[in-house]
Amino acid sequence: MPKSSKKRKDKAADFTKAKLKLGKGKQAPSNAVDTSFKARSIALPTQSIAVDRDADAPSTKRRLTFDALIAHLKHYNASTRKDAILGLRELLEAHPELIATHLTALVNNCVRLIGDEDASVRKGLLVFFAWLFRQVPPDDLVPHSPVLLLFTTSAQTHIFPEIRIDAVRFLDVYLEYIPAVVTEGWMQIGGTAHGRRVLEGYLGILSAGTTFGEGGDTGPVQATSTASVVLSPASKLIVLRSLSLFLSQAITSAWRFEDTTEASGSTMITPTWYLSSSFASRSAFEAFDSLLRTTSQAQESTRHWTAEVSDNEQETFVGDHSMLLSGHTGWSLHDLDDAGAAVVALQDGGQPAMGTDAELACVTQLARTLHSTLVSTFLDCAPTVFSPSSSPPETELQMVLVVCRICRTLYGRILQDSTESGVPHDAAGTELQTILAYLSPYFPFTISGPSTMRRDIKAEQAFQDLNLIFCELSSFIVLASQRCSSEKNPTRSTARAQASRPALKVSSAIQTRQVERVSAYIVQLLQGHAPSSGGPASIPRPIPPQAYVALLPTIWSLVNHRPEDDGDDSTSMFDAVVEHAVKATSTSATKRHTIDFIGRLVLLDREPEYLGLFRVGRTKQQDASLKEWILQLPKTLWELGSNHPNTSETIIRVLLRLSQRRSQLLQPETYAALRSRLLPYFSIKHPSRGQLPGPFTKLSPGSPLRRLVLNCIATILAGTSSGDDQLETIVNDTVRDSPEATYWAGIRNAARR
């Protein structure tokens with residue numbers, strides 16, 4: 001068989017000479033060895049072979065130092081970035097001294113992860129910030145707030161919705177630790193302040209519009225976001241809850257800051273701003289408000305004078321210029337403008353307005369902007385929350401509660417201005433009445449599930465908060481209308497004649513039945529019975545101090561009527577208030593607020609510039625209940641001893657003011673009973689142990705409270721002509737050989753003249 005052509009060619013190739021071609025180099029022989037080579041560098045940034053490490057530097061369990069962890073924050077792998085955040089917390093927990101020295105580098109590198117596209121990295125950073133901010137003083141965080149808010153507000157407008165929601169979570173952490181910085185400049189229209197950018201970010205996420213459209217207050221609201229992303233209920237709850245917290249920190253309001261209901265019962269101040277609408281002038285109300293102000297409250301609002309130059313020192317031109325040495329930059333134009341406005345207000349016989357007109361205008365427009373969003377959110381959640389066949393969902397219930405809190409913050413600020421200044425805000429009042437019209441069919445808010453449903457304490461607390469907010473919103477409208485009517489009729493007689501008319505008008509606007517249900521709910525709550533939806537009656541329980549303080553404006557708006565205007569509602573309301581005050585235990589957190597509130601109502605009769613309609617002594621039953629309340633004050637004073645000085649001082653001041661003003665409730669028989677009941681406070685006669693000192697001796701010697709007690713006793717003794725001097729004798733024996741002996745002798749001699 002012949003050989004193939006391929007084999008013949010391969011055999012001939014061994015003896016074929018390669019031909020040289022023009023332009024081609026000489027070919028290398030087939031047995032030549034290639035000696036060329038290529039070299040490449042290898043990067044080893046984290047290996048000890050390339051970096052000289054300090055063996056004494058603090059490190060984690062994985063032997064990563066602070067600088068190494070900072071470098072890992074920029075890694076392309078999301079797991080590495082997350083591990084770096086966890087490593088930073090591990091390192092700083094083991095070595096807390098590193099926080100102060102590396103805070104700047106730490107914040108500047110971590111803020112870049114606020115808008116990270118990986119959800120686990122953002123969640124880890126949020127937890128890390130919440131831990132870190134607890135370790136750092138707020139004053140040390142303020143210098144880093146610009147970079148924190150810059151990246152956070154940028155994340156609020158991110159293209160991904162989940163990053164925008166996480167940015168709101170970061171704002172919640174900032175509002176907890178540096179709220180003043182976050183809300184700074186929120187009223188600056190078109191400005192670049194932090195608070196303004198944060199507020200616009202909230203509105204952009206909610207697609208609610210800007211705070212000002214074309215034409216200012218009257219122009220249409222413009223959309224802030226072109227994204228048509230529909231938020232889930234859980235995400236919307238996060239945004240609304242954060243917005244509510246932002247507004248509560250940003251909006252200045254007396255009922256929100258000075259008389260906050262979120263403080264503990266022992267430090268909470270009894271609110272009195274709602275009484276200002278019943279006085280002819282602001283100065284008259286402030287004078288009345290100071291009657292029962294305790295020493296601790298007076299010290300907070302009093303600026304003590306200190307001598308600049310001593311009489312024994314020679315004058316010198318070298319002074320201690322503290323403002324200059326502390327780096328004070330002087331007054332800004334904005335500060336001078338506010339000071340000028342305050343001076344003009346004082347020259348006109350008024351008082352500087354609480355806040356500025358710009359703030360009130362911004363709040364009014366913001367309420368108008370959010371009105372449709374709040375209403376639509378409530379209407380979406382109400383059917384499921386108040387369904388009679390099932391328990392309320394947690395997310396929808398909290399969303400309804402947050403909507404009501406936002407309404408209280410916004411409309412409370414606007415209508416409180418009407419209450420204090422008399423300037424009507426009809427548009428805001430109409431918007432609030434619209435919201436109340438949607439809320440009214442469900443009031444009082446109760447859980448309407450089956451009787452076999454498991455009790456949810458958290459849901460019950462949420463429904464109680466809804467009831468309290470509804471009562472507050474209703475009282476805002478009534479109080480504002482009463483103030484506007486008194487401004488139009490400044491004289492005492494005409495103001496009292498006209499004050500009830502707007503209240504009736506408002507009652508018809510928000511439905512008379514609604515006001516009756518509010519009154520019935522408050523009476524039921526004061527009696528200790530929570531409203532139910534037809535189920536078994538619950539065990540009576542005392543009202544919390546926060547709830548009682550929140551109800552005071554509503555109670556005043558309901559009792560400040562003529563008996564013929566609203567039947568027996570105002571009388572029954574006041575009777576329930578007095579009955580609750582008598583039954584409250586001496587050590588309860590609500591006791592001091594009941595004494596303060598009823599004491600002010602009793603003192604109103606003797607005020608010359610009081611224009612309200614409330615009067616004590618309308619019926620004999622009311623007089624009897626008030627006398628019973630007065631006579632149980634010495635017992636409460638004895639039971640408190642020296643443990644609750646604020647409550648004791650409030651009781652003493654109430655008795656002192658009633659005696660000084662010769663109240664009609666202090667009849668001779670009431671004086672006699674009061675004197676006999678004050679004896680155990682100074683000395684007690686025990687059957688077997690003999691004479692024992694009373695709680696008065698446990699007070700600090702030389703304290704202002706001891707002198708206040710002696711003033712009260714001297715006034716009571718001077719107001720009666722009884723020949724029984726047993727109280728005076730016991731007081732003389734108690735203060736003998738004490739620092740108050742001379743003081744007591746002086747005031748007794750002055751009272752006898």
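## Helix α31

In this predicted model, the exposed residues P668 and E669 sit on the face of helix α31 that is turned away from its buried side. Helix α31 comprises residues 668-677, and its buried residues are T670, Y671, L674 and R675. Viewed down the axis of α31, these buried residues fall within an arc of 135°, so they line one face of the helix.

Several helices contribute to the cover over the buried residues of α31. Among them are α28 (620-631), α29 (633-640) and α30 (645-660). The cover also includes α32 (704-718) and α33 (726-735).

## Helix α34

Helix α34 consists of twelve residues, 741-752. At 1.5 Å a residue, the helix should span 16 Å, and the 17 Å between its end C-alpha atoms agrees with that expectation.

The buried residues of α34 are W744, I747 and R748. Seen down the helix axis, they fall within an arc of 100°, so they line one face of α34. These buried residues pack against α32 and α33, two helices that are also included in the cover of the buried residues of α31.

## Salt bridges

Side chains of opposite charge can pair when their charged atoms come close. With a salt bridge taken as a side-chain nitrogen of Lys or Arg within 4 Å of a carboxyl oxygen of Asp or Glu, the count comes to 19 salt bridges.

One of these pairs is E394 with K458, whose closest N and O atoms are 3.5 Å apart. E394 is partly exposed, with a relative accessible area of 35%, whereas K458 is exposed, with a relative accessible area of 53%.

## A buried pair and its network

D596 and R600 form a salt bridge in which the closest N and O atoms are 2.6 Å apart. The two residues are four residues apart in helix α27 (residues 591-603), which means that about one helical turn separates them. D596 counts as buried at 4% relative accessibility, and R600 counts as buried at 5%. Both residues belong to a network of salt bridges that links D289, R293, D596 and R600.

## A partly exposed pair

The side chains of R736 and D733 also meet in a salt bridge, at 2.9 Å from N to O. R736 is partly exposed, with a relative accessible area of 48%. D733 is likewise partly exposed, with a relative accessible area of 42%.

Definitions and conventions:
Residues are numbered from 1 along each chain as its sequence is written. This is a predicted model: local features need pLDDT of at least 70, side-chain atom pairs count only at pLDDT 80 or more; totals for chains, interfaces and linings use all residues. Side-chain values use heavy atoms; hydrogens and water are left out. Buried means under 20% relative accessible area, exposed over 50%, partly exposed in between (1.4 Å probe, protein chains only). The arc is that of the directions from the helix axis to the C-beta atoms. Contact means heavy atoms within 4.5 Å. The expected span of a helix is 1.5 Å times one less than its number of residues.
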